[in-house]
Amino acid sequence: MIVTTSSRAGADVTAQAQQLSTELGGRYIARGQHSLQRMRRRFGERGILVLSERELRYEDGEESLYFHPSMANIRVKRLMKGETDPMITASGCQTGDAILDCTAGLASDSVVFAYAAGDQGSVTALESQPLLCAIIRDGLRRYESGVPELDQALRRIEVRCADHLETLSSLPDDSYDIVYFDPMFRRPLRQSSAIDPLRQLANPEAVSSAAIREACRVARRCVVLKEHERSGEFERLGFGQLFVQASNLAYGVIHT
């Protein structure tokens, strides 16, 4: 994978891109006046990670992936108005809670949890894929939404590049109030085209029974799984209580 900068990047951005290429095991290439398409042809690499003054973006020639709060923006604004959110309702999240998001993805659910838990709470987001982890860590640190409450929620999230089963196995009992899973769906919601670029980079593995057992040990209050209602994952993993939402989306809850 090539790591480069925007065409008019300054010295600070260039230094950051060089460091990032080392961290990710990529190859730093000075951008100069080259187009991304020309760089692909010249160096024989499809994936290019581009760092600019504004964001970190992954480009593969067909699609791009970068951090954006997406639906979390709308969901947080609804919570700010006193409306409900299905995930917050299912999990019972409240001010001061400590949440472990085991499958961060683009951290949309982590953002909503961070707002709901407030500045007295905490959200730790685990992402096993280093490239994806780098994108969300950068975005949570730098993204400016123009909504102070949302931006504060972004900054409160701690991102770790880690396997969730290994992390859960290393934690003491009752370490978090809520342990949350939102894996790539076994039955994708095809109308949800916004996550197509994410699907290429995300970990495709299903959540294991061992991970749920460890999560139940680590969670003081509950373990929550977000999945397609008819995926079969709730039954396989022992989630009895379901909160079914629109578009066949559901949250399964195990109270610990």
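Reader: What does helix α1 span from its first C-alpha to its last?
Author: In this predicted model, α1 (residues 11–24) has 14 residues and reaches 20 Å, close to the 20 Å expected at 1.5 Å a residue. The expected span is 1.5 Å times one less than the number of residues. Helices (H or I, at least four residues) and strands (E, at least two) are DSSP runs, numbered from the N terminus.

Reader: Which residues of α1 are buried?
Author: They are V13, A17, L20 and S21. These four cover an arc of only 100 degrees around the axis, which puts them on the same side of α1; the arc is that of the directions from the helix axis to the C-beta atoms. Buried means under 20% relative accessible area, exposed over 50%, and partly exposed in between, with a 1.4 Å probe and protein chains only.

Reader: Why would residues that are three or four places apart point the same way?
Author: An α-helix has 3.6 residues a turn, so such residues point the same way.

Reader: And which residues are exposed on the other side of α1?
Author: A11, D12, Q19, T22 and E23 are exposed there.

Reader: What do the buried residues of α1 pack against?
Author: They pack against strands β1 (2–5), β2 (27–28), β3 (48–51) and β4 (56–59), and against helix α6 (130–142). Contact here means heavy atoms within 4.5 Å. After α1 comes G25, whose phi is positive, near 70 degrees.

Reader: Before we go on, what are the ground rules for numbering and confidence?
Author: Residues are numbered from 1 along each chain as its sequence is written, and side-chain values use heavy atoms, with hydrogens and water left out. As the model is predicted, local features need pLDDT of at least 70 and side-chain atom pairs count only at pLDDT 80 or more, whereas totals for chains, interfaces and linings use all residues.

Reader: Now to charges. How many salt bridges are found in the whole structure?
Author: The search finds 20, a salt bridge being a side-chain nitrogen of Lys or Arg within 4 Å of a carboxyl oxygen of Asp or Glu. One of them joins D60 and R46 at 3.8 Å, N to O. D60 lies in the loop between β4 and β5 (64–66) and R46 in the loop between α2 (36–43) and β3, so the pair ties together parts 14 residues apart in sequence.

Reader: Is D60 buried or exposed?
Author: D60 counts as buried, at 6% relative accessibility. R46 is partly exposed, with a relative accessible area of 48%.

Reader: Where do R75 and D109 lie?
Author: The side chains of R75 and D109 meet in a salt bridge of 2.8 Å, N to O. R75 lies in helix α3 (residues 71–80) and D109 in helix α5 (residues 108–117), so this pair ties together parts 34 residues apart in sequence. Both residues are buried.

Reader: Finally, the sheet. In what order do the seven strands come?
Author: The order is β8-β7-β6-β9-β10-β12-β11, in an open sheet with mixed pairing. Its edge strands, β8 (157–161) and β11 (241–244), each pair on one side only. Two strands pair if DSSP finds at least two bridges between them.

Reader: How many bridges join β6 to β7?
Author: Four bridges join β6 (residues 98–101) to β7 (residues 122–127), and the two strands run parallel. Within this pairing, V123 in β7 is the bridge partner of I99.
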